[in-house]
Amino acid sequence: MIKNISNLGDSALYCDFGNEVNKSINLQVIKYFKTIKEKKLKGINNLTPSYNKLIISYDLRKTNYDEVKKYIENLEIESSLKLNAKKIEIPVCCHESFSLDVIRLEKILNLSSEKILENFLNKEYFCYMTGFIAGMPFLGDLSENMRAQRLETPRVKVPKGSVGLTEQFANIYTFESPGGWNILGNTPVKVFDSSVEDKPTLINPGDTVTFKEITLDQYNNYNE
Amino acid sequence: MSDNYFEIIRPGINTTFQDKGRDNLYHFGIPFSGVMDNRNYLLANKLVNNNLDSPIVEFAYQGPHLKYTGGKINFAITGDVIFTIKKDDTEIEGKCYESYQIVNGDEINIISTNKSVYGYLALGGELDIKLQWNSCSINTKANIGSNNGKKLDFSQKINLRKININQDIKKINYINTKIENIRVIKGTNFDYFSEEGKKIFFEKEFIVSKLSDRMGMRLEGPKIENIVNTNIKSEGLIKGVIQVPADGSPIIMLSDHGTVGGYPKIGVVASVDYNRLVQISPGSKIKFKEINLSDAETLFKLYEMETQNLLSQI
């Protein structure tokens with residue numbers, strides 16, 4: 001449930017669900033997000049769900065903080081709300097030309113590259129949120145022995161498709177972008193496609209993701 | 001192919017098609033985009049008899065140099081912009097907030113913005129460009145919008161689908177007020193900063209860094225000390241949010257910002273000052289002044305009324 005509602009500037013509501021990052025809190029956020037989105041309330045122009053917060057932006061010409069806050073406080077959330085979550089398998093190639101930080105990770109985690117890969121692949125991930133850059137999924141949780149801090153000096157350019165790790169999370173760079181995540185491999189899959197306007201993102205909050213290793217040959221010949 | 005088009009002789013530094021932006025996409029990681037300075041956008045469209053939400057050419061610092069082919073057409077430029085109009089062998093200096101009629105072979109040369117950042121070129125007609133999520137706004141980071149999500153470049157054209165029939169010359173007396181004081185509402189992590197840091201934020205001057213673009217405005221100056229945690233779990237952002245990363249220098253989120261961020265939020269720029277904020281050029285001073293929510297709401301209403309009043313004078 002929402003623990004506290006405050007204002008973020010003069011045109012957004014900041015709904016705080018707590019400080020912990022876990023699936024049950026995140027599912028609460030997602031349920032609120034989906035319910036509000038369905039209602040298409042006048043003046044609300046964006047909803048941003050994250051681990052444990054929901055930001056509701058509105059057009060100050062059409063509504064205001066008190067009005068939106070009152071609405072959210074009185075909103076009933078169906079506990080049985082269906083999320084329509086999907087299970088998605090993402091092929092990933094960990095050839096040395098893609099696994100830019102595997103040597104760094106070997107040192108930090110004190111594990112061999114084979115073990116790192118094995119740990120990474122034998123795990124099911126939950127998508128907490130999508131964002132920062134278009135379509136980028138924030139996936140969790142990595143096991144305790146796989147957690148590393150981000151690079152001290154972020155890369156100016158992380159290649160598109162890179163699969164990276166930081167702390168308890170994994171993500172996929174949907175565009176070439178600056179970034180500091182530890183890069184383990186690369187996927188040929190189009191995780192974001194702006195030509196599909198109703199569903200531009202392959203992975204959405206609430207979805208479950210697994211990674212499957214592919215060879216460089218399979219990567220180069222990958223056909224969606 | 002269109003019979004009426006502008007050939008791009010020089011594209012300018014950061015020239016894009018923009019409109020009111022696209023909403024309800026933050027949850028996919030897609031920002032609002034749209035024009036940076038909304039008032040100047042509306043005024044430009046009104047001056048050429050376009051619908052107020054028509055696509056427009058936005059430029060920053062140096063604008064485009066265009067040569068026109070086609071039947072007579074109106075255009076207007078808003079902002080604080082130096083430009084010339086070339087007809088045959090004569091070149092005259094143009095004035096902002098005034099519409100001009102040009103004919104086949106004429107040129108518009110937008111030389112630069114003057115002590116400001118963004119300017120707007122409205123063409124009296126309908127641009128032949130594609131919409132994505134109901135908006136033409138170009139987001140160069142995600143390659144979304146018209147022109148394949150890329151800035152305008154050499155060797156391309158701006159095509160018109162239609163030219164306005166009403167080509168009455170219009171003008172309005174308007175001067176962009178330059179401000180140094182930007183009004184800010186305390187952010188959700190205001191208490192992450194030391195008493196000294198909070199004092200610095202609201203009392204000292206900052207300088208707008210060259211590393212500023214449509215995504216964000218970086219500030220240089222005194223450092224703001226964080227006493228709680230220099231990172232938070234990533235959460236949603238909106239335009240105007242002022243984040244302070246570990247190095248203590250604030251960054252203000254602008255229209256193409258990343259949709260989530262993990263730096264503490266010390267404040268949020270009041271909506272009333274956003275259009276003027278984006279026009280503060282690199283190297284200029286900026287100061288923050290605290291304002292409460294209810295004053296911010298009232299001032300925004302007054303600002304909007306003023307905008308409507310200006311539009312009604314055209």
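Predicted model: local features only at pLDDT ≥ 70, side-chain atom pairs only at ≥ 80, totals over all residues.
For the complex the predictor gives an ipTM of 0.95 and a pTM of 0.95. Chain B has an average pLDDT of 96, and 100% of its residues score at least 70.

**Chain A**

Chain A is built with 5 helices and 13 strands. Its radius of gyration is 19 Å, close to the 17 Å that the globule rule gives for 224 residues, so chain A is as compact as a globular protein of that length. The C-alpha trace of chain A spans about 55 × 35 × 35 Å along its principal axes. Of the 224 residues in this chain, 44% count as buried, and among the contacts of chain A with a separation of 6 or more, 61% come from residues 24 or more positions apart.

**Contact between the chains**

Where the two chains touch, 39 residues of chain A are in contact with 31 residues of chain B. On the side of chain A that touches chain B, the elements giving two or more residues are β1 (4-7), β2 (12-16), β3 (44-49), β4 (53-58) and β6 (125-130) of chain A. Of these, β3(A) gives the most, with 5 residues. By residue class, this side of chain A divides into 19 nonpolar, 16 polar and 4 charged residues.

**Strands of chain B**

In chain B, 7 strands form an open sheet in the order β7-β6-β9-β4-β1-β12-β11, with antiparallel pairing. The edges of this sheet are β7 (90-93) and β11 (125-127) of chain B, each of which pairs on one side only. Direction ignored, neighbouring strands of the sheet are turned by 25 degrees against each other on average.

Strands of a sheet pair through backbone hydrogen bonds, and the pairing may be parallel or antiparallel. Both senses occur among the pairs of chain B listed here.

| Strand pair | Sense | Bridges |
|---|---|---|
| β4 (65-69) and β9 (107-113) of chain B | antiparallel | 3 bridges |
| β13 (181-186) and β21 (285-290) of chain B | parallel | 4 bridges |
| β14 (206-208) and β21 of chain B | antiparallel | 2 bridges |

Within the pair of β4(B) and β9(B), L66(B) has I108(B) as its bridge partner in β9(B). Strand β21(B) takes part in the parallel pair with β13(B) and also in the antiparallel pair with β14(B). Residue E290(B) of β21(B) stands opposite V184(B), while K285(B), also in β21(B), is the bridge partner of I207(B).

**Backbone details**

Most residues other than glycine have a negative phi, and most peptide bonds are trans. Against that background, the bond joining G140(A) and D141(A) is a cis peptide bond, with an omega of about -5 degrees. D141(A) belongs to the loop between β7 (137-140) and β8 (155-158) of chain A.

Residue N110(A), which is not a glycine, has a positive phi, near 60 degrees. The loop that holds N110(A) runs between α3 (102-109) and α4 (113-121) of chain A, and N110(A) is exposed, with 9 other C-beta atoms within 10 Å.

In chain B, N134(B) likewise has a positive phi, of about 65 degrees, although it is not a glycine. N134(B) is placed in the loop between β11 and β12 (157-163) of chain B. Because residues with 12 or fewer such neighbours count as exposed, N134(B), with 12 C-beta neighbours inside 10 Å, is exposed.

Terms used:
Residues numbered from 1 in each chain as written. Chains lettered and ligands numbered in written order. Pairing = 2+ DSSP bridges. Axes fitted to C-alpha atoms, helices over the stretch in contact; angles between N-to-C directions. Contact = placed C-beta atoms within 7 Å. Nonpolar A, V, L, I, M, F, W, Y, C, P; charged D, E, K, R; others polar. pLDDT = per-residue confidence, 0-100. Rg over C-alpha atoms; globule rule 2.2 N^0.38 Å. Buried ≥ 20, exposed ≤ 12 C-beta atoms within 10 Å, placed from the backbone.
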